[in-house]
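Reader: I'm new to reading protein models. Could you walk me through this one?

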Amino acid sequence: MISTEKFIQDCLLVRSQSPLVHNITNYVAMNYAANALLAVGASPLMSFYEKEMDEIVSIASALTINIGCLDDNEIAGMMAAAKAAGKYGKPWVLDPVGAGASKARTQISQDLIALKPTIIRGNASEIACLAGAIVEKSRGVDSSMASDDVVEAAKALAKASGSIVSMSGATDYITDGERVESLKNGDPIMSRVTVMGCSATAVTGAFAAVDSDPFDAALNAMAMWGVEGEKAAKLCGGATGTFAVKFMDMLSTYDPKEDALLIRQ
Amino acid sequence: MISTEKFIQDCLLVRSQSPLVHNITNYVAMNYAANALLAVGASPLMSFYEKEMDEIVSIASALTINIGCLDDNEIAGMMAAAKAAGKYGKPWVLDPVGAGASKARTQISQDLIALKPTIIRGNASEIACLAGAIVEKSRGVDSSMASDDVVEAAKALAKASGSIVSMSGATDYITDGERVESLKNGDPIMSRVTVMGCSATAVTGAFAAVDSDPFDAALNAMAMWGVEGEKAAKLCGGATGTFAVKFMDMLSTYDPKEDALLIRQ
Amino acid sequence: MISTEKFIQDCLLVRSQSPLVHNITNYVAMNYAANALLAVGASPLMSFYEKEMDEIVSIASALTINIGCLDDNEIAGMMAAAKAAGKYGKPWVLDPVGAGASKARTQISQDLIALKPTIIRGNASEIACLAGAIVEKSRGVDSSMASDDVVEAAKALAKASGSIVSMSGATDYITDGERVESLKNGDPIMSRVTVMGCSATAVTGAFAAVDSDPFDAALNAMAMWGVEGEKAAKLCGGATGTFAVKFMDMLSTYDPKEDALLIRQ
C-alpha cells in the first residue's frame, strides 16, 4: 500500500525544494511538460544539445528522457545525458515512447536501458515490447506476451533492467520486479489529450529528485497525477480543451493532504 | 453540394475507426494538431525521423506533411514518408506552408507534389504560388495570377498535379480541377490563432483515412472544421486564448447530425 | 518616465501595421509566442532554416532570436539571420536564454551580441552573466557581480554592446547604458508559467518593428506585457492553466488607452 505520509512529504518537498529537472522530450510535449513541472513547484529545463549535456545534467537534480520525436542529433543528446546522469549519480527517468512501433525506437530504448535508468515509465504496449526485447535477450523468456500478462512483463523488465517500472493505463502499476503497487485513479479523458504520459514522466523526474527511493517517487508521482486528472475530469464535461486547462489548474493548486485521501489502489 | 449523409458518415467513421494518422508537421503546430486529431476521435503519431518513415507509414492509415519548419533532416523525413505513402498506397495530405515566401519552400513543395499527394491543403497565396510554379512548368500557363483568379489557380493546380486542392480562406474551396465546392462557415478569429490551418490539414488526414474518395474527405473535414470554429467563436467574445480552448472543446464534443445542419455553402 | 502617448501609439501601430515578425525561438515557446504575436496584432513567422534566412529576414519587419533550444542547425540559422538583419537594417531582439548555464550558451550569446542586436532581452541572471563576459572582455570590469548590482550590470552591458538592454524580473529595467526606466507591473504567477519571457521577446520584436526608437519599443512592449499579466492574474485564482489562457485573452482584447493608466513605474 502507498504511504499517505510519504505521499504528502514528497509533494511538499517538490514545492519547497523546487528541483531543477532537465528534460529531453519530444516537441509535442515540451510546452505542456514544462508547465506541468512549474505547476507542481519544480523548475524545468529543456535541452538536448549534445555539447552542453554534461554541464546541464551536472547542475540538475534529475533528468528525464522521452524518445518521442527521434532525430540523430537528439539521440546523441540523449545518450550523452544518460551517461552524464550515471557519472554524476543523478536519478533519471526513461519514457520509451512508441517502443515497438519501429526498429529505431526499440533500439534506442534498449540502448538507453543499458545505461541504467532509475525509472522506466511507459504504457502497457511499450513495456510489453521492451520486456520482450530485453528479457528475451538476457534471460530467454518468450517475447510474445498476451496483454493480460503485462504486469508480469513489467516485473520481468524491472528485474532484467534493475530499474523501477512505472506503467500507465486504466490501472497504473509500479514495480521493482518483486513488489507491485497499483493505482486506480485517473479518467478515460486523459487518453484523449496528448502528452499526458510524457508530462507524467517529467513530473516523475521531479519526485525522483526529492525522494531517494525511486519506487516511492514513481508511486507518489503517479498517485498525484491520477488524482488531479480525476478532479479535472469532473470539471470539463468531456471537453478536451477545457480538460487540458483544468488539469494544469489542479496541478498548480492541489492540497497534498486533502488529495492523499482520494488515492484509490 | 455537400452530401449531408456522407458528411455524417465520415465524422462517425473517424470516431469508430480511430485511424492512426502519421503527421510530419512543424514545431508550432505539433501539440495543437495532435490534440485536434484526438479530439475528433483519431489517433495521432508525430515523427519525421527518416530511418523509421517506411515502417511508420506502413502502419498508419494516412499521412500528412506540413513543411512549416524546414530543416534538412526533416526534409529527408518528408521525402521518405511521401515515397512510403506511394509504396503502401496510403492517402496523404500536403500543406505547403509559406510556399512562395522563400525559394526553399517553393522547391520542397514542388518536390513533394511530384510525389503525388492525395490532397494539397493550403491558403490562397500558397495555392496561387504553386499553381504558378507547377502549372507554368507543366503547361505554360501564365504564373502571375491575380488574387481573384485564385479559384482558377486552384483548379489548374488540381489538374496539373492530379491532387484534390483544398484551399482555406474566408470561403474555403475544394476542387479536383473540374468540380468546385465552396464552404462559408468559420469566423475571422480563426486567422488570429496560430496553427488553425496546420491542424485542419491533420484532421483532413483523418477524414482521408476513412473515406476513399479524397474529394469528399477534404470537403467534409473542412465543413466540420468551419462549423466547429464558428460555434467556438460565439463562446469567446473575441478573446483568442479562450477561442483556442473552446474550439478544441467543440471538436471533442460535436454532434455530426446537428452540425450537418449548420453547414453553409 | 514612460510617455503614455507614445505607449498608446506603439500599441495601435502594432495593430494597424500588423508587422511580420520573424522568430527563431525554442520549441517550448513557438506556439505560445506565435499566438502572443497574433493576439497583439502582429504577424508571426517561425523558421530557423539556414538556407532561407536571408530571404525571410528581407521580407520581415523585425527579427527575434531566442537561444532556448540549441542545436547546430539552429545555431547556423541564428547566425545567418542575425547577419541578414544587419545587412537589411532590420531591428532584431536577442533573448540569451540560459546564458551562464553552459559554456555553449554563453558562447553563442556572445557571438550573437557581436552581431549587434538592437535589443537584448533577458532575465537578471542572464544579463549579469553576459555583462560579466562581454564587459570584462572589452573593458576589464570585474565579472563577479552581486545580484543587487544587476542594474549596473545591465547598464554596463548596454554600453559595451551598443544594444538596449531589457531585463525582466519582479521589476523590469530598460536601459541604454545611461537612461534607466523601471516597470513594476506584472504578477508572481508569470514566473510559474513557461515561455512568458520568450513570448515577451517576440512581442518586443513587434514593437521594435513599428517604433524606430528601440528604447521606447522595449519599454512600451514590457509595459503592455506587465499590465496584461497583472490583469490576467486577477482572473485565475492562482491556477496556472487558466492564467495562460486569460493572459492570451488580455493580449488579444486590451484597450491601449485604458491600460496606459495602469502602468506603474
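Reader: At what angle do helix α4 (residues 72-88) and helix α5 (residues 103-113) of chain A pack?

Author: First, some ground rules: this is a predicted model, where local features need pLDDT of at least 70, side-chain atom pairs count only at pLDDT 80 or more, and totals for chains, interfaces and linings use all residues. Residues are numbered from 1 along each chain as its sequence is written, chains are lettered from A and ligands numbered from 1 in the order in which they are written, and side-chain values use heavy atoms, with hydrogens and water left out. Helices (H or I, at least four residues) and strands (E, at least two) are DSSP runs numbered from the N terminus, while axes are lines fitted to C-alpha atoms, for helices over the stretch in contact, with angles from 0 to 180 degrees between N-to-C directions. The axes of α4(A) and α5(A) are 10 Å apart, and the packing angle is about 15 degrees.

Reader: Is α4(A) roughly parallel or roughly antiparallel to α5(A)?

Author: Angles under 35 degrees count as roughly parallel, over 145 as roughly antiparallel, 65 to 115 as roughly perpendicular and the rest as oblique. With an angle of about 15 degrees, α4(A) is therefore, relative to α5(A), roughly parallel.

Reader: Which residues of α5(A) make the contact with α4(A)?

Author: Contact here means heavy atoms within 4.5 Å. From α4(A) come Ile75(A), Met78(A), Met79(A) and Ala82(A), and they are met on the α5(A) side by Ile108(A), Asp111(A) and Leu112(A).

Reader: And how many charged residues does the contact of α4(A) with α5(A) have?

Author: Ala, Val, Leu, Ile, Met, Phe, Trp, Tyr, Cys and Pro count as nonpolar, Asp, Glu, Lys and Arg as charged, and the others, Gly among them, as polar. Sorted like that, this contact of α4(A) with α5(A) has 6 nonpolar residues, no polar ones, and for charged the count is 1.

Reader: Which residue in β7(A) is the bridge partner of Met167(A)?

Author: Strands β6 (residues 164-168) and β7 (residues 172-175) of chain A pair in the antiparallel sense over 3 bridges. In β7(A), the partner of Met167(A) is Tyr173(A).

Reader: Over in chain C, is α2(C) roughly parallel or oblique to α8(C)?

Author: Helix α2 (residues 30-40) of chain C lies across β1 (20-24) and β2 of chain C. Its axis and that of helix α8 (residues 196-210) of chain C come within 9 Å and cross at roughly 40 degrees. So the word for α2(C) against α8(C) is oblique.

Reader: How many nonpolar residues are in the contact of α2(C) with α8(C)?

Author: Among the residues that meet are Tyr32(C) and Leu37(C) in α2(C), and Met196(C) and Val203(C) in α8(C). The contact has no charged residues and 1 polar one, and the nonpolar count is 9.

Reader: Last one: how much area do chain A and chain C bury between them?

Author: Buried area is the accessible area (1.4 Å probe) that two parts lose on being put together, summed over both. The contact takes 22 residues from chain A and 26 residues from chain C. Of the area buried between chain A and chain C, 53% is on carbon and sulfur atoms, and the total is about 2,000 Å².

Note on methods: Two strands pair if DSSP finds at least two bridges between them.
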